[in-house]
Amino acid sequence: MAADDPGRNLPPLELYVPEPKYRPGDPVDFSDIDIPPAGATARPDTAASHDDMRDHAYGLVRVLDEDHKAVGPWDPKLDAGTLRKILRAMALTRAYDERMFRAQRQGKTSFYMKCTGEEAVAIAATFALDRDDMTFPSYRQQGILIARDWSLVDMMNQVYSNKKDRLKGRQLPIMYSTKQGSFFSISGNLATQVPQAVGWAMASAAKGDTRIAATWTGEGSSAEGDFHSACIFAAVYKAPVILNVVNNQWAISSFSGFAGGDQTTFAARAVGYGIAGLRIDGNDALAVYAATQWAAERARTNKGPTLIEHFTYRAEGHSTSDDPAQYRSADEASEWPLGDPIARLKNHLIQIGEWDEERHAAMDEECAGRVKTAQKQAEKNGILGHGLHQPLETMFEEVFEEMPWHLREQEQDMLDENEAANNVAKTRNDR
Amino acid sequence: MTDNGTTQRNMIQAINNAMEVCMERDENVIVFGEDVGYYGGVFRATAGLQEKFGKRRAFDTPINECGIIGVAVGMAAYGLKPVAEIQFADYIYPGLDQLVSEAARIRYRSAGEFTAPMVVRSPFGGGIFGGQTHSQSPESIFTHICGVKTVIPSTPYDAKGLLIAAIEDPDPVVFFEPKRIYNGPFDGHYDEPVKPWSKHPASQVPDGHYVIPLGKANVLREGEDVTFLVYGTMVHVAMRAVEELGIDAEVIDLRTLLPLDMEAIEASVKKTGRCVIMHEATRTSGFGAELSALVQERCFYHLEAPVQRVTGYDTPYPHSLEWAYFPGPVRTRLALERVMEDVSG
């Protein structure tokens with residue numbers, strides 16, 4: 001025993017509870033965030049031992065510098081055409097978000113979530129993956145679908161839970177799913193997709209396939225046990241998977257300190273598990289592309305998983321259900337030292353002489369128009385009213401492949417109930 | 001300590017006030033959960049508590065339900081009275097091991113040496129277009145594990161009295177709050193304007209400390225013809241149906257599912273000879289199955305008709321077909337018609 005004397009004179013313990021630096025009304029100063037210059041971080045060989053690249057879990061890979069030039073060993077050296085495609089996918093995603101957010105405010109659906117400020121994290125990563133690599137997104141990676149040219153009308157049908165919704169109106173808006181788009185069904189429960197991505201990647205490896213998996217989760221959700229389960233399986237089996245942690249600083253009202261962000265980086269979790277860890281500027285589309293490309297090559301050559309922390313900022317509320325002005329300073333988004341991913345890529349394209357303000361404005365207009373047209377088309381299939389866009393029977397389909405007796409019985413009960421309800425309405429109208 | 005004043009409160013305000021009263025009376029009471037501290041909870045149930053009692057007694061947590069419930073067990077073992085919030089009942093499953101294998105059994109396995117006097121509060125139920133991950137009613141999972149009490153209030157008045165009782169209880173309590181009725185007594189008529197609590201007498205909530213004992217049901221309406229066994233949102237659906245159909249029903253709000261007020265149930269069913277059980281949760285192995293078995297075991301010779309269940313269907317809670325799923329007025333009426341049939345011949 002260190003001490004057996006119960007009356008020993010020890011200072012009282014204190015419970016530490018983290019506190020974000022800024023709350024509503026506070027002036028914001030992010031100058032204490034350590035931001036290394038673009039191009040300063042070495043690019044290890046994709047076969048490097050995780051042990052030899054520990055510093056990467058604490059640094060910040062950046063490609064675009066203050067003068068909008070792409071610099072350093074992580075520059076993916078993309079051609080201007082690809083850069084413009086990435087830019088356009090980000091702009092289209094933002095236009096889509098604006099429109100759908102407004103649709104929710106107009107009462108056309110129940111819920112929406114934007115990814116404003118975080119577009120690069122999903123979109124630039126998707127461009128660095130193959131089209132048939134499997135993605136296990138969280139709820140803020142609609143950019144994957146848009147980067148893969150998925151139909152906006154199809155996405156909106158899901159948001160409206162209308163009669164053309166391929167998910168039959170079953171899921172909360174934005175919980176997309178498309179096997180054809182290699183985009184796994186989104187769950188409302190947090191971080192559940194991370195071990196699933198690892199499992200998919202293990203299966204791909206077990207079958208001698210060539211496809212890899214990538215998954216995204218927020219820094220807040222990386223506190224869930226599922227995330228840690230995923231890390232240990234990914235490490236043990238060297239699963240060909242990319243584990244993206246989107247550190248957008250806020251989990252609804254909880255700042256990243258409540259996920260452990262005050263103590264260390266999120267990429268540093270990789271170190272403990274023996275996984276390669278990269279911490280990158282998530283608002284730098286080129287850094288996101290380069291890191292994903294690095295991790296994909298590592299995975300494809302059986303060198304194992306990579307955990308990438310995308311350091312970014314959630315520029316808007318968590319969803320249509322919260323008001324960020326209640327819990328954080330309104331100045332944070334504009335003061336964010338890593339800027340906006342769309343503006344930064346735009347400036348880079350202008351800097352290399354492949355873009356200008358006029359073309360950008362025309363692109364924005366074109367994106368807004370495309371979204372508007374898609375919305376009109378989707379709304380022809382219905383908006384979320386009091387439901388009932390789907391035939392009632394669809395409620396009982398796909399609980400199992402074959403419907404057991406009790407569901408058949410309940411289905412009949414529901415139809416009887418509906419008939420009884422219609423009779424009541426009819427009697428009322430006949431009066 | 002008695003305070004004679006009353007204030008009009010909705011259910012959120014009543015729940016908030018219950019925690020405030022307990023925190024004032026006992027410095028061992030602490031509250032925590034995701035977004036619970038500074039923001040005051042996504043439904044605002046803990047609003048103002050951090051400001052009043054400091055961040056060491058009302059704080060945010062990591063997004064980790066296993067951790068939230070697990071640390072509550074440890075805090076309770078130390079001697080605190082933790083009141084943990086799980087943001088939606090649909091998110092409680094990662095914490096199940098800590099509830100089922102730990103909180104529920106610590107008193108038993110330590111022969112009473114260690115206990116887990118804690119409350120896990122969680123909004124549950126549908127009717128808010130929350131889809132399958134914001135609408136579930138998992139109460140029967142908790143009545144099935146031995147050693148946890150399960151409480152579900154139906155009005156602001158009850159919510160406060162029951163929550164105070166739960167916080168002061170020496171054993172772990174799961175406290176499910178029907179979120180559809182946080183702001184008003186929803187009776188299943190989704191096409192009618194929302195009714196606020198202010199028009200309901202149970203929104204008059206005493207300001208001070210009072211307790212509604214766990215394990216005591218509330219006979220909301222006395223009647224001779226049929227017994228309704230209900231809790232949570234279904235209390236209001238049943239009351240409206242009874243009123244509309246002009247039936248002389250006895251409506252019993254169970255308030256606590258475990259321990260159950262069997263005396264009240266038995267007395268009522270023996271009197272009426274007919275029984276309708278309602279819950280929003282899925283049907284198979286739902287709490288209605290237990291109630292039905294108990295009624296059959298104890299009131300068999302008094303029954304005039306088979307016991308009827310009005311429940312959700314055995315599917316995940318759908319988003320767009322929410323009102324076809326929700327056990328509302330028509331399903332209630334059809335069950336009532338079945339139970340009132342003359343089965344004697």
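Okay, ground rules. It's a predicted model, so local features need pLDDT of at least 70 and side-chain atom pairs count only at pLDDT 80 or more, while totals for chains, interfaces and linings use all residues. Residues are numbered from 1 along each chain as its sequence is written, and chains are lettered from A and ligands numbered from 1 in the order in which they are written.

Let's start where the chains meet. The contact takes 43 residues from chain A and 39 residues from chain B; contact here means C-beta atoms, placed from the backbone, within 7 Å. On the chain B side, strand S3 (58-60), helix H11 (322-325) and H12 each supply at least two residues. Helices and strands are DSSP runs numbered from the N terminus: H or I with at least four residues, E with at least two. H11(B) gives the most, with 4 residues. By class, that side has 19 nonpolar, 11 polar and 9 charged residues. Nonpolar covers Ala, Val, Leu, Ile, Met, Phe, Trp, Tyr, Cys and Pro; charged is Asp, Glu, Lys and Arg; the others, Gly among them, are polar.

Now, H12(A), residues 405-430, packs against H12(B), residues 329-340, at about 100°, axes 9 Å apart. Axes are lines fitted to C-alpha atoms, for helices over the stretch in contact, and angles run from 0 to 180 degrees between N-to-C directions. That makes the two helices, H12(A) and H12(B), roughly perpendicular, a label for 65 to 115 degrees. Glu417(A), Ala420(A) and Ala421(A) meet Val330(B), Arg331(B) and Leu334(B) there.

Inside, S10(B) and S11(B) run parallel, joined by 5 bridges.

Last, what's in the core? The largest nonpolar core has 217 residues, with Val241(A) and Ala238(B) making the most contacts inside it. Such a core is buried Ala, Val, Leu, Ile, Met, Phe, Trp, Tyr and Cys residues joined through C-beta atoms within 7 Å, where buried means 20 or more other C-beta atoms within 10 Å of a residue's own, C-beta atoms being placed from the backbone. A second, separate core of 8 residues includes Tyr313(B) and Phe326(B).

Key. A residue is buried if 20 or more other C-beta atoms lie within 10 Å of its own, exposed if 12 or fewer, and partly exposed in between; C-beta atoms are placed from the backbone. Angles under 35 degrees count as roughly parallel, over 145 as roughly antiparallel, 65 to 115 as roughly perpendicular and the rest as oblique. Two residues are in contact if their C-beta atoms, placed from the backbone, lie within 7 Å. Two strands pair if DSSP finds at least two bridges between them.
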